[in-house]
Amino acid sequence: MWLYEKKLQFPVNIKNKDVSLAKYIVTQYGGPDGELGAAIRYLNQRYTMPTSKGIALLTDIGTEELGHVEMIQTMVYQLLKDATIEELKEAGLASHYTQHNHAIFPTDTNGVPFNAGGIGTTGDPIADLHENLAAEQKARATYEHLMDLTNDPEVLAPLSFLRQREIIHYQRFGEYLTELEEMAENS
Amino acid sequence: MKYATAYIKNQEFTGLEELKTAFLRGSAFNNLYQPYKKFDYELSSNNKELKNIQAISFILLDLGLYLDTHPDNQDVINLYKEFLEKYKQLVRDYEEEKGPLTLRSDSLGKYPWQWLQEPWPWEEGE
């Protein structure tokens with residue numbers, strides 16, 4: 001069960017609209033290495049983790065990822081909010097406007113809708129944890145690319161925060177993987 | 001350029017980063033912080049009280065993840081307890097003045113229904 005907290009994990013307050021940046025950042029909402037996929041991946045894998053430590057870790061990181069979904073949704077919403085039709089056209093978002101107007105929608109940067117195919121779950125905890133380590137690194141790399149595409153400190157601060165969270169999650173998944181591998185060797 | 005490593009060393013607990021810095025960076029632990037660009041950003045929210053709650057919530061979350069893989073670390077459990085007490089006090093004070101943060105808030109007994117109070121988190125960068 002989840003309980004909503006009426007606050008973001010980290011403040012997002014973007015005053016300068018930037019339509020093309022919205023088109024790029026949205027991939028961390030609905031793209032292959034985005035937060036929505038991460039949240040579902042971890043909350044989906046936890047059922048087949050062998051020990052309580054792994055179940056707790058996947059539950060807690062999966063829950064944090066839901067908070068990251070909300071941060072990215074907020075960023076895209078704020079970057080798009082006051083965009084004119086002309087600005088949307090220039091940024092290549094006329095197709096977005098056609099289907100969604102100024103609403104947000106989970107896609108990658110090319111407008112391809114969220115695809116559950118990226119939610120790696122094999123039921124093998126070692127394989128799944130390797131999947132997660134890779135996912136955290138791919139998301140970290142994507143956040144760096146996004147940070148290269150803007151100089152706006154109001155966008156950089158939350159991107160930098162989210163990037164660092166990938167590093168922390170990578171560490172925790174790695175610690176648990178090492179423990180499982182040692183368990184497997186000793187059994 | 002620093003690449004990913006194929007193995008992960010266990011993280012020793014060497015102490016906590018100062019609260020505001022930890023929150024801005026996204027790591028409660030100095031020894032896990034790996035900056036990408038020179039970092040001199042500021043928090044863009046003007047809501048100081050909520051910022052304090054966000055920062056302490058963040059420390060609790062990060063300590064919680066540490067404890068998931070290090071459940072025997074008494075020092076970190078003590079820190080968790082300490083921050084939890086601070087968190088509860090801050091939330092009580094905040095909700096009394098500004099309205100509920102969750103549907104378990106004491107402020108929800110008031111008339112009219114306080115949950116509708118604005119702003120929502122994405123409206124004013126909170």
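The talk below sets single values against the definitions behind the labels.

Tutor: Please keep in mind that this is a predicted model.

Student: Why is Gln45(A) called buried?

Tutor: The label buried applies under 20% relative accessible area, and Gln45(A) has a relative accessible area of 0%, so Gln45(A) is buried. Its place is in helix H3 of chain A, residues 35–45. Leaving aside residues up to four places away in sequence, Gln45(A) touches Leu58(A), Gly120(A), Thr121(A), Asp128(A), Glu131(A) and Asn132(A).

Student: What makes Asn101(A) partly exposed?

Tutor: Asn101(A) has a relative accessibility of 41%, while buried means under 20% and exposed means over 50%, so Asn101(A) falls in between and counts as partly exposed. Asn101(A) is found in the loop between helix H6 (94–100) and helix H7 (125–148) of chain A, and although Asn101(A) is not a glycine, its phi is positive, at about 55°.

Student: How many aromatic pairs does the structure hold over all chains?

Tutor: There are eleven aromatic pairs over all chains.

Student: Why is the pair of Phe10(A) and Phe23(B) called tilted?

Tutor: Ring centres within 6.5 Å make a pair, and the centres of Phe10(A) and Phe23(B) are 5.2 Å apart, so these rings pair. Planes under 30 degrees apart would count as stacked and planes over 60 as edge-to-face; the planes here stand at 50°, so the pair is tilted.

Student: Why is this pair of Phe10(A) and Phe23(B) said to join two chains?

Tutor: Phe10(A) lies in the segment before helix H1 (19–25) of chain A, whereas Phe23(B) lies in helix H1 (residues 19–25) of chain B, so the pair joins two chains.

Student: How do you know that the charged end of Lys6(A) sits over the ring of Trp115(B)?

Tutor: The distance part of the definition asks for NZ of Lys within 6 Å of the ring centre, and the charged end of Lys6(A) is 4.9 Å from the centre of the Trp115(B) ring. Lys6(A) also lies over the face of Trp120(B), at 4.1 Å from the ring centre.

Student: Which peptide bond is cis, with omega near 5°?

Tutor: That is the bond from Glu118(B) to Pro119(B), and Pro119(B) has its place in the segment after H3 of chain B. A cis peptide bond also joins Tyr111(B) and Pro112(B), with omega about -10°.

Methods:
Residues numbered from 1 in each chain as written. Chains lettered and ligands numbered in written order. Predicted model: local features only at pLDDT ≥ 70, side-chain atom pairs only at ≥ 80, totals over all residues. Heavy atoms only, no water. Helix = DSSP H or I, 4+ residues; strand = E, 2+ residues; numbered from the N terminus. Buried < 20%, exposed > 50% of the residue type's maximum accessible area, 1.4 Å probe, protein only. Contact = heavy atoms within 4.5 Å. Phe/Tyr/Trp six-rings, centres within 6.5 Å; stacked < 30°, edge-to-face > 60°. Lys NZ or Arg CZ within 6 Å of the ring centre and 35° of its normal.
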